Each structure stands twice: as structure tokens, then as C-alpha cells.
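The following exercises examine how two ligands are held by a protein. Each task is followed by a solution in steps.

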Amino acid sequence: MSAKPMGSANVPRHIAIIMDGNGRWAKARRLPRIKGHEEGARSVRAVIRACRDAGVEYLTLYAFSVENWIRPPAEIRGLMRLLKKTLREQEFELHENKVRLRVIGRLQDLPRDLRVELKRVMRETAHYASGNLILALSYGGRTEIVHAARQLARRVANGEISHRSINEKSFARHLYAPDVPDPDLLIRTSGEMRISNFLLWQISYSELYVTDVHWPDFRDEELAKAIKAYAQRQRRFGDIK
Ligand code: IPE
Ligand code: IPE
Ligand code: MG
């Protein structure tokens, strides 16, 4: 996520990743699931760096879904602790590379200490424009769409806007991060052929890339493969070419 070769031909401007398979990675090694999450956090750091080097402007990472709250409390606690630790470790690099941190999702659901840290780092990096790291936390695509609909309904009820002014553009302005362009490339690790409630609105024309590699094993080389596959895609957006 840097200004370096920004916009180079065939490099996706925005990559979104469903970071899946931490548990399976750990299970295959007879380790507790949290060890998979810890190794996954190292992939997060590696992929952030690799995206920056490749000239990717926006990187969105699906770190915790609204559905993930049904997991055992001990796993949730471990994940929240790890998120805080990873944020602390990553903070220096965000400043060094002038990368702006943002969060999409129900921030209010997160433990207070993590929320305070996130808000602080978001505030301190808000003026950076060399790259964007977007964390999806307590995120649900349907929740986001309902949230936007509710805001619009309120504005109509208040007489601020007419229902006739609601169109795709004005609707999208009420999503969590309205100024962020739609993902060009959506990556899912660990092989599942599903979206799991991620960015439902924004991925309407994203290129999909699913790899069997578990997230803790997804580093520079795997990212390079995904970008290479993307470069060979022909995007048509409904047109004929
Ligand atoms: C992804 O790995 C991390 C989160 C969803 C937080 P999983 O924990 O879902 O790993 P698997 O899918 O059980 O292997
Ligand atoms: C998707 O992974 C959510 C994140 C990566 C944060 P899950 O492991 O929760 O997805 P499902 O339940 O297998 O669809
Ligand atoms: Mg999973």
C-alpha cells in the first residue's frame, strides 16, 4: 500500500482478503487453534509489506466477522488479544510508510481496550495518503447494507432527501468506507468457495482468486501468484471485448 509504483499496469488497486484456514493449519500440526492465529498474524504483516512493495493502494483484511462471535469465548479472547498485539507491532510501519488505518464493521462490539487502540491509530494515521489498510472487524456485509439503508431511511423521514434521490451512488455513500474503491481482486485462502458475508455490495465485479493454501502459509510468494493470476484476467464489466 504505497505510493511506489502505484497504479502499475495490471496490479490491483484494491485487494481484499478472506484470511481463512488458521484453525486447519494448526490442526494439521496438532497445535491449538490459537497457534494458527498467531502464525496467521505473521502472514498479515508479510502481506501488508508485500502489497506495499507491489504498489497496491488499498488492502482490506477480513479479520473477524459478525458471525465469528458464536465461537468459543476463549478463542474470541485469544483473537482479540492478538489483534491488539499485531496492531501495536504494525503501528511503526504504518507511520513509516504513511499508511492510513481504517476499520469497517461494528467497532462498538469490540473489547474496549482494542477499540481505544484502534481509534487512536486511526486518528494518528488519518492524514496519510500513501496507502490504506482497512481492517474488517465484527464485519458483516448484510449488516453494512442494513446500516446504510437505515441511515437513508432516517434522512428521508427527516425530509433531508427525497426517496427518489436514492440510487446506487447515493446508497454506496452510506456504506462504512464510501471513498474506498471497490476491490479489484478478492482472495480467499484455504479453499472454501464462498463469500462468508464479506463486502457483499462492493465485490459485484471483483475478480475472485481462491487458493488451497491456508492463511498462515500465505506470504509474499503466494500473493505474487494471486497478482499474476489477476493480471491475466479479462475484466469485461458486462461489455463485450
Ligand atoms: C480464519 O481462520 C480466522 C478467523 C476467521 C478469525 P479460521 O479460524 O476460520 O480457520 P479454519 O477455517 O477453522 O481453518
Ligand atoms: C470468514 O471465515 C471470516 C474471516 C476470515 C474473518 P470463516 O471461517 O468465519 O468462514 P466460514 O464460517 O467457514 O464460512
Ligand atoms: Mg474458517
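**Exercise 1.** Determine which element gives the largest share of the shell around ligand 2, and describe that shell.

*Solution.*
Step 1. Strand β2 (residues 58-65) supplies the largest share of the shell around ligand 2, namely 4 residues. Helices (H or I, at least four residues) and strands (E, at least two) are DSSP runs, numbered from the N terminus.

Step 2. The model is predicted: local features need pLDDT of at least 70 and side-chain atom pairs count only at pLDDT 80 or more, while totals for chains, interfaces and linings use all residues. Residues are numbered from 1 along each chain as its sequence is written, chains are lettered from A and ligands numbered from 1 in the order in which they are written, and side-chain values use heavy atoms, with hydrogens and water left out.

Step 3. The residues around ligand 2 include Tyr62, Ala63, Phe64, Ser65, Asn68, Arg188 and Arg194; a residue is near a molecule if one of its heavy atoms lies within 4 Å of it.

Step 4. By class, this shell holds 5 nonpolar, 3 polar and 4 charged residues. Ala, Val, Leu, Ile, Met, Phe, Trp, Tyr, Cys and Pro count as nonpolar, Asp, Glu, Lys and Arg as charged, and the others, Gly among them, as polar.

**Exercise 2.** Identify polar contacts of ligand 2 (pairs of N or O atoms within 3.5 Å), and state how much of ligand 2 the protein covers.

*Solution.*
Step 1. A polar side-chain atom of arginine 194 is 2.8 Å from an oxygen atom of ligand 2.

Step 2. For asparagine 68, the distance from a polar side-chain atom to a ligand 2 oxygen is 2.9 Å.

Step 3. Arginine 188 has a side-chain N or O atom 3.5 Å from an oxygen atom of ligand 2.

Step 4. Of the 390 Å² of accessible area that ligand 2 has on its own, the protein covers 78%. Accessible areas come from the Shrake-Rupley method with a 1.4 Å probe.

**Exercise 3.** Carry out the corresponding analysis for ligand 1.

*Solution.*
Step 1. Ligand 1 is surrounded by 13 residues, the closest being Asp20, Gly23, Arg24, Arg33 and Arg71.

Step 2. The side chain of aspartate 20 places an N or O atom 2.8 Å from a ligand 1 oxygen. Asparagine 22 uses a backbone N or O atom, 3.2 Å from an oxygen atom of ligand 1. The side chain of arginine 33 has an N or O atom 2.8 Å from an oxygen atom of ligand 1.

Step 3. The protein covers 86% of the 380 Å² of accessible area that ligand 1 has on its own.

Step 4. The shell around ligand 1 receives its largest share, 3 residues, from α1. By class, there are 3 nonpolar, 5 polar and 5 charged residues in this shell.

**Exercise 4.** Describe the lining of the largest pocket.

*Solution.*
Step 1. On a 1 Å grid over the protein atoms alone, a pocket is an open set of points where a 1.4 Å probe fits, with protein on both sides within 12 Å along at least five of seven lines; lining residues have an atom within 4 Å of a point.

Step 2. The lining of the largest pocket has 38 residues, and Met19, Asn22, Tyr62, Ala63 and Phe64 lie nearest its centre.

Step 3. Helix α3 gives the largest share of this lining, 7 residues.

Step 4. The lining residues divide into 21 nonpolar, 10 polar and 7 charged.

Notes: Polar contact = N/O pair within 3.5 Å; in protein donor to acceptor, adjacent residues only side chain to side chain.
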